[in-house]
Amino acid sequence: SISHDIRTPLTTIIGYLEIMLSNDIESVDEFKSYAAKCRDKAYQLKNLTDELFKYFIVYGKAEIDVNKKTYSTGILLQQIVGEYLLYLTQQGFNFECCDFSENDFEIETDVNLIKRVIDNVFSNIKKYASKDEKIVIEAFKVDNDFCLKFKNKILSNKKAVESNKIGVKTCKKIMNELGGSF
């Protein structure tokens, strides 16, 4: 099912790119229109592959391949979270974010898996959070554990978004494999 869902936007992207490269485009506006359509289809493709990855993590093999290295929490979170803050601020969200360097210490983790978890959190913020309230992001240390906390108000007037909670299950499994919790 997903392979068909992935091929459709991929075929569309290829078609639009062929048009863009064919020299048949008469204006910059027409070119930008095709580029925007490609971007939209690329995001659709990204969402589908993310879902495929989530299903694989939860229902696939028992263990996740973990490649841990040592990172500074301040630098790591500034890079990962910073990208999402910029994007969601452009979407109309407001944030109150701590200074990650204040509680900076070294952790051993798999950066790609941490990115997956944070990607899921920000995806849920985009789907479910109210733009009327600030989203608060805190980072702190409790004993030897590093904690990252997100607080927001749930959007009350949004139509029900269909969810199978696979993202939450994925995050729990990833964090468990990393020796943490979600």
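I began with burial: of the 182 residues in the protein chain, 29% are buried. The model is predicted.

*Overall layout.* I counted five helices and five strands in the protein chain. Reading from the N terminus, I noted the order α-α-β-α-β-β-α-β-β-α. I then looked at contacts with a separation of 6 or more, and 77% of them in the protein chain join residues 24 or more positions apart.

*Helix H1.* I picked out Arg7, which lies in H1, residues 2-21. Arg7 is exposed, because its relative accessible area of 58% is over the 50% cut-off. I also checked Arg7 against Leu45, which is 38 residues away along the chain; their C-alpha atoms are 8.6 Å apart.

I looked up both for H3 (residues 73-90) and H4 (residues 111-128): the axes come within 11 Å and cross at roughly 25°. The crossing of H3 past H4 is right-handed. I listed the residues that meet: on the H3 side they include Leu76, Ile80, Tyr84 and Leu88. On the H4 side they include Ile114, Ile118, Phe122 and Ile125, with Lys115, Asp119 and Lys126 also among them.

*The loop between S4 and S5.* I went to the loop between strand S4 (135-142) and strand S5 (145-151), where Asp143 lies. Most residues other than glycine have a negative phi. Asp143 is not a glycine, yet its phi is positive, near 55°. I found Asp143 exposed, because its relative accessible area is 69%, over the 50% cut-off.

*Helix H5.* I checked the length of H5, residues 166-177. Its twelve residues should span 16 Å at 1.5 Å a residue, and its end C-alpha atoms are 16 Å apart, so the two values agree. I then listed the buried residues in H5: Ile166, Gly167, Thr170, Cys171, Ile174 and Met175. Viewed down the axis of H5, these buried residues fall within an arc of 160°, so they line one face of the helix. The reasoning I keep beside this is that an α-helix has 3.6 residues a turn, so residues three or four places apart point the same way. Last, I looked past the end of H5: Gly179 follows, and its phi is positive, near 85°.

Key
Residues numbered from 1 in each chain as written. Predicted model: local features only at pLDDT ≥ 70, side-chain atom pairs only at ≥ 80, totals over all residues. Heavy atoms only, no water. Helix = DSSP H or I, 4+ residues; strand = E, 2+ residues; numbered from the N terminus. Expected span 1.5 Å × (residues − 1). Buried < 20%, exposed > 50% of the residue type's maximum accessible area, 1.4 Å probe, protein only. Arc of directions from axis to C-beta. Axes fitted to C-alpha atoms, helices over the stretch in contact; angles between N-to-C directions. Left-handed = near helix turned anticlockwise from the far one by under 90°. Contact = heavy atoms within 4.5 Å.
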